[in-house]
Amino acid sequence: MDTTTLTLNNGVECPAVGIGTFMLSPADAENSVREALKMGYRLVDTAAAYQNERACGRGLRASGVPRRDVFLSTKLWPSDYANPCAVDETLERLGTDYVDLLFLHQPAGDWLAGYRQLEKALRDGKARSIGISNFEGRYMEELERQWEVVPQFVQVEAHPYFPQHELRRTLDRLGIRLMSWYPLGHGDRALLAEPVVADIARRLGRTPAQVILRWHVQTGFAVIPGSRNVDHIRDNLAVLDFSLTDADMAAIATLDKGVRYYNRTDAQLVQFAAWQPTYEKA
Ligand SMILES: NC(=O)c1ccc[n+]([C@@H]2O[C@H](COP(=O)([O-])OP(=O)(O)OC[C@H]3O[C@@H](n4cnc5c(N)ncnc54)[C@H](OP(=O)(O)O)[C@@H]3O)[C@@H](O)[C@H]2O)c1
């Protein structure tokens, strides 16, 4: 199996491994994106809500990697879903005239208006693919009744403790790819120290993080580990040159607890719709 890129349902190719930038300050995001691209990453994930899109754009340009060689992913925040300029303002912050993937970040506020903006961005060539983040269950069902274009990606929490079995059945039916957030459990030491993972890592001469990221890739997920540490960033890309056996995959499957780190409430969705990110000045 070729695990270096995923082919999306509209024929676009997306690298399987990228750099995530959640909770990175502008300075850290710029540094991580620049260094990651210089060492061979070709997928960058940011969001309006991370308040570091300008910095990611600076990191991309400073890397020297041509824009067309980078798969750039970002997300509209709910307070912008009904703003008809939201996509253009996103492109301006990133310093680009298109993104490779544009998500709705949360199923909050007027998310149908937001989805219509994604569909328009796709038609206008301002997004090469579109996605929804944190849409599961009833939100997926409601959107499925209303979308004109099937999205290419869903970005949700996924890791060995919560491998998203139920959602994956829906995504497989619809031909939608999953991109994992919190792929390393947001750095949870307990996940990285799981004996099952540690044993495989020892046998293969890899780190526990690499074994977990390889599990994501072999499961068919795109994965975007976040890091401000250049050694971790380098390690996290080096997961495409080894394989886990079926027995390894089965052993990791036993870690499934059906438990998430992050449980969003309906009250939070209301707060999300009201919150406005504060952006770096141009
Ligand atoms: N759509 C959403 O709602 C949503 C939500 C959360 C995240 N995301 C996206 O998903 C990405 C990944 O999530 P995340 O960054 O929160 O969590 P994560 O990738 O699971 O974990 C990041 C943490 O793991 C540590 N780490 C990274 N590589 C490591 C390695 N090789 N060995 C040991 N520790 C390592 C990092 O610390 P160091 O800095 O020290 O390496 C950081 O503390 C985000 O950056 C963001 O792009 C999306």
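User: Why are helices H8 and H9 called roughly perpendicular to each other?

Analyst: In this predicted model, H8 (residues 195-204) and H9 (residues 208-219) pack at an angle of about 100 degrees, with their axes 8 Å apart. Angles of 65 to 115 degrees count as roughly perpendicular, and H8 and H9 are therefore described in that way.

User: Why is H2 called oblique to H3?

Analyst: Helix H2 (residues 53-63) packs against helix H3 (residues 86-94) at an angle of about 45 degrees, and their axes are 7 Å apart. Since roughly parallel requires an angle under 35 degrees and roughly perpendicular one of 65 to 115, the value makes H2 oblique to H3.

User: Which classes of residue make up the contact of H2 with H3?

Analyst: Glu 53, Arg 54, Cys 56 and Gly 57 in H2 meet Thr 90, Arg 93 and Leu 94 in H3. By class this contact has 2 nonpolar, 2 polar and 3 charged residues, where Gly is counted among the polar ones.

User: How do you know that the protein chain is as compact as a globular protein of its length?

Analyst: The secondary structure of the protein chain comes to 12 helices and 10 strands. Its radius of gyration is 18 Å, close to the 19 Å that the globule rule gives for 282 residues, so the chain is as compact as a globular protein of that length. Taken along the principal axes, the C-alpha atoms fill a box of roughly 55 × 40 × 35 Å.

User: What share of the residues counts as buried?

Analyst: With a cut-off of 20 or more other C-beta atoms within 10 Å of a residue's own, 46% of the 282 residues of the protein chain count as buried.

User: Which residues are closest to the ligand, and how does its shell divide by class?

Analyst: The ligand is surrounded by 26 residues, of which Gly 20, Trp 181, Gly 187, Gly 226 and Ser 227 are the closest. The shell has 8 nonpolar, 15 polar and 3 charged residues, and helix H10 (residues 230-237) gives the most to it, with 3 residues.

Conventions:
Residues are numbered from 1 along each chain as its sequence is written. This is a predicted model: local features need pLDDT of at least 70, side-chain atom pairs count only at pLDDT 80 or more; totals for chains, interfaces and linings use all residues. Axes are lines fitted to C-alpha atoms, for helices over the stretch in contact, and angles run from 0 to 180 degrees between N-to-C directions. Helices (H or I, at least four residues) and strands (E, at least two) are DSSP runs, numbered from the N terminus. Angles under 35 degrees count as roughly parallel, over 145 as roughly antiparallel, 65 to 115 as roughly perpendicular and the rest as oblique. A residue is near a molecule or strand if its C-beta atom, placed from the backbone, lies within 6 Å of it. The radius of gyration is taken over C-alpha atoms; the globule rule is 2.2 Å times the number of residues to the power 0.38. A residue is buried if 20 or more other C-beta atoms lie within 10 Å of its own, exposed if 12 or fewer, and partly exposed in between; C-beta atoms are placed from the backbone. Two residues are in contact if their C-beta atoms, placed from the backbone, lie within 7 Å.
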